Amino acid sequence: MHILLILLTALSLWANNCLTCHQGIEPIRDPSSGMAKAIAQVAAKAGYPDNSCIVCHGGDPEAHTKERAHQGTIPYFQQAKGPKEFYPDPGSAWINEHTCGQCHQEQVAAQWNSLMNTEAGKIQGTLWSFGALEGMEHKYANYTLSNRLHQRLGTTTYQRYMADRAKANPNVYVSKMEELPPAPSAQEVVQNPELAAYTYLRQECLRCHTASKGRSRRGDYRGMGCSSCHIPYSNEGYYEGGDPTIPKEPGHLLTHQIQATREAKVHIHGLSYSGIPVETCTTCHNRGKRIGVSYQGLMETAYNPTFDEHGRGQPKIHTKHYLHMREDVHYKKGMLCQDCHTSLEMHGDGFLVGTTLGAVEIECEDCHGTIQRYPWELPLGYGEERGKQLDGKPRGLAKTLAEYLGKGTPYEPKDGYLLTTRGNPFGNVVRDGEEVVVHLASGKDLRLTPLKKLAQEGRLSLAGQVAMEQVDRHLQTMECYSCHDTWAPQCYGCHVKIDYSDGKQGIDWLAVAQAHDIHGTDAAKRKSLKDYLIDGHVTETRSYLRWEDPILGLNGEGRISPLIPGCQTTITVIAPDGKALLQNHIFSVQDNNQSVLAIDMAPVHSHTVQKEARSCESCHNNPKAMGFGIGGGKLFGDPSRDLVIDLMSADGQIIPKRIQIQKPAIPKLTFDWSRIIDENYTQLVTVGHHWEGSRALGPAELAKLDRRGVCLACHETIPDKDLAVSLLSHVAEAAGVKIDNPTHKEILHKNLLLGAWVQLLGAMALFGGGLWWWRRRR
């Protein structure tokens with residue numbers, strides 16, 4: 001018997017006992033890959049050469065029962081890098097320093113301070129709408145954090161650049177953040193209704209960060225920490241692999257494989273893919289700016305078209321229904337989010353930042369350049385100058401990458417890696433002569449012709465030539481996507497009700513995430529969510545949705561950008577006794593040294609780029625784009641007054657006594673949601689609450705933009721208000737000339753040339769006549 005036990009123990013060292021139960025599970029990576037071999041080396045060093053599972057999952061590899069196998073870990077890992085317990089999800093942010101961090105120290109160290117984990121911008125924006133409770137300072141995060149690394153990740157050039165930005169914007173690039181205050185009790189809200197902001201945040205806004213598992217709804221299934229992005233989950237949330245022990249119910253990974261860069265192939269159902277699918281990103285990026293779903297061409301709708309073969313309406317995804325708009329041109333080319341957005345943007349550079357514009361280091365011109373310069377000829381900082389004069393020195397190219405980036409898929413630099421505007425090399429974008437090659441994580445290679453070469457070869461459209469060459473100020477003052485984002489999701493009027501009556505409660509998602517165990521799983525896996533209920537229940541609705549002709553304003557980089565409704569909230573807080581403490585209330589705040597309403601119009605890149613840009617008229621002849629509102633702000637009734645619909649006398653008196661208010665008033669709102677300035681150019685609402693200087697267009701910009709009424713300049717005279725014009729009109733009519741759109745354009749062009757030459761020749765004649773007269777006098 002003693003000999004048999006020794007043999008069984010020896011066999012367990014050389015066998016993978018995990019596969020006794022998990023037989024058929026997929027290898028986390030192809031066994032021939034560098035990553036799989038590195039994991040196997042660690043397992044062999046630990047004394048278990050045939051059991052790589054323990055390197056990431058921990059547990060007891062010698063156990064023969066589930067209970068024993070799923071607890072503790074081997075002595076080797078207790079004294080060295082590696083799992084300290086059994087970890088069902090090794091990517092969990094709460095324990096991944098012992099798992100993923102064995103090899104990927106830089107990313108794991110930086111993750112806690114990344115915007116995907118802190119949600120600092122979302123928190124600050126919500127508190128702004130409740131009366132700017134933390135001002136423009138990004139004080140709060142999901143957790144108490146400080147700048148963890150001794151220096152930022154990235155090149156020395158990038159580190160110097162970011163140090164200057166942090167010095168200029170201390171409210172965005174903060175050195176520490178405090179954990180969001182706890183949710184208030186119902187009685188505390190009675191004393192101070194503004195505290196309801198923390199109930200709203202904890203119930204509605206904070207379930208998407210990477211230290212949280214999130215909610216189990218269609219389209220929202222994902223892992224935690226590294227697994228949030230690197231482990232595939234389908235929208236339906238079912239496991240479709242070969243492990244018989246994983247339950248066949250929603251809430252599980254699609255397959256036990258890592259999705260990452262081009263070399264990390266995922267094999268399932270006879271298909272293979274690489275890269276992180278866009279749908280993984282939209283698990284979170286479907287609210288707020290909605291850039292993930294917009295990139296796919298999805299626009300929210302209040303309806304549920306169309307019907308399936310059983311007559312059922314469109315199913316909800318991310319708890320919403322959608323229209324299918326035109327997808328972003330990059331999406332149609334097969335580009336994943338990671339093909340543009342860098343590792344530092346995704347994982348963080350180790351330092352805290354308060355908003356997406358602070359973290360994103362790329363600009364369109366980094367790959368496309370301008371019509372005057374190739375990308376490598378542009379100076380660093382191009383595209384986010386904020387009024388600063390750049391030195392004009394070409395940024396050049398890079399020949400090498402940071403060592404830790406080599407753990408992904410390295411590409412040959414050819415003539416050199418292109419640099420971001422902040423000085424880090426793109427690991428997947430290289431120069432090849434006068435062209436640019438973009439290596440996609442999906443396996444495709446795109447060859448891009450920069451704008452300068454297109455202009456030199458005469459390959460720009462007439463509209464492109466006019467917009468970028470003839471009116472070059474567009475490139476100097478505007479974001480490229482101000483024209484090329486041809487639609488944007490616009491959710492006007494966010495009506496929030498936080499109801500503390502009748503003991504109503506909701507889930508505190510931040511508390512759920514914080515209640516993790518030694519295995520790295522959050523409370524949702526171990527307890528009922530009912531254990532994390534807090535006072536108050538949040539409901540939301542909106543006034544209306546639009547998508548066309550986004551408003552224009554100045555963003556935090558000092559460039560003209562599209563705007564969409566941000567936190568455009570009216571707030572209703574119901575006390576425990578059922579009476580409103582606040583009813584349809586909008587707070588007032590100080591913004592750009594003036595008092596405005598705290599309903600925000602947010603600068604955004606909506607990720608809906610099309611090759612054919614929005615028309616000139618959609619901005620220059622459109623009061624909405626200028627900030628005056630849809631239809632000039634003249635289409636909607638006064639929202640500050642109660643609307644009653646019933647039998648009325650001719651002078652507007654309500655006849656019945658028993659009536660209901662159809663639409664209660666919003667006391668402070670005297671104009672439409674889409675209006676951000678009045679006719680005197682006074683800003684009415686917040687335009688961006690993260691950056692100093694973000695604002696609506698002012699008189700100087702509007703003097704160049706506003707070309708409304710130009711039709712009247714001609715047609716106030718045509719056809720008979722001037723002798724010469726009347727004669728030409730009659731001649732054209734007699735000759736049967738049809739004035740269609742092309743003819744109209746031709747006439748205007750001829751008139752422009754004729755007017756210019758007549759005035760020039762007239763001026764020359766006057767000058768020549770004057771000179772002749774002067775010489776005669778001499």
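Contact here means heavy atoms within 4.5 Å, and helices (H or I, at least four residues) and strands (E, at least two) are DSSP runs numbered from the N terminus. This is a predicted model, in which local features need pLDDT of at least 70 and side-chain atom pairs count only at pLDDT 80 or more, while totals for chains, interfaces and linings use all residues. Residues are numbered from 1 along each chain as its sequence is written, and side-chain values use heavy atoms, with hydrogens and water left out.

**Helix pair α9 and α12**

- Lys122, Ile123, Thr126 and Leu127 in α9 meet Ala197, Tyr198, Tyr200, Leu201 and Cys205 in α12.
- By class, this contact of α9 with α12 has seven nonpolar, one polar and one charged residues, where Ala, Val, Leu, Ile, Met, Phe, Trp, Tyr, Cys and Pro count as nonpolar, Asp, Glu, Lys and Arg as charged, and the others, Gly among them, as polar.
- The axes of α9 (residues 120-129) and α12 (residues 196-205) come within 10 Å and cross at roughly 140°, and the two helices are therefore oblique to each other.

**Second largest pocket**

- The second largest pocket has a volume of about 870 Å³, a volume being the space filled by probe spheres set on grid points that are joined across faces, edges and corners.
- A pocket is an open set of points on a 1 Å grid over the protein atoms alone where a 1.4 Å probe fits, with protein on both sides within 12 Å along at least five of seven lines, and lining residues have an atom within 4 Å of a point.
- The lining of this pocket has 23 residues, of which Ile718, Leu728, Ile739, Ile747 and Asn751 lie nearest its centre, and it divides into 14 nonpolar, six polar and three charged residues.
- At least two lining residues come from each of α30 (710-715), α31 (723-734) and α32 (741-777), with α32 supplying the largest share, eight residues.

**Backbone geometry**

- Isoleucine 718 and proline 719 are joined by a cis peptide bond with omega of about 5°, and proline 719 is found in the loop between α30 and α31.
- The peptide bond from proline 305 to threonine 306 is also cis, with omega near 0°, and threonine 306 lies in the loop between β6 (298-301) and β7 (321-324).
- Threonine 319, in the loop between β6 and β7, has a positive phi of about 65° although it is not a glycine.

Note on methods: Axes are lines fitted to C-alpha atoms, for helices over the stretch in contact, and angles run from 0 to 180 degrees between N-to-C directions. Angles under 35 degrees count as roughly parallel, over 145 as roughly antiparallel, 65 to 115 as roughly perpendicular and the rest as oblique.
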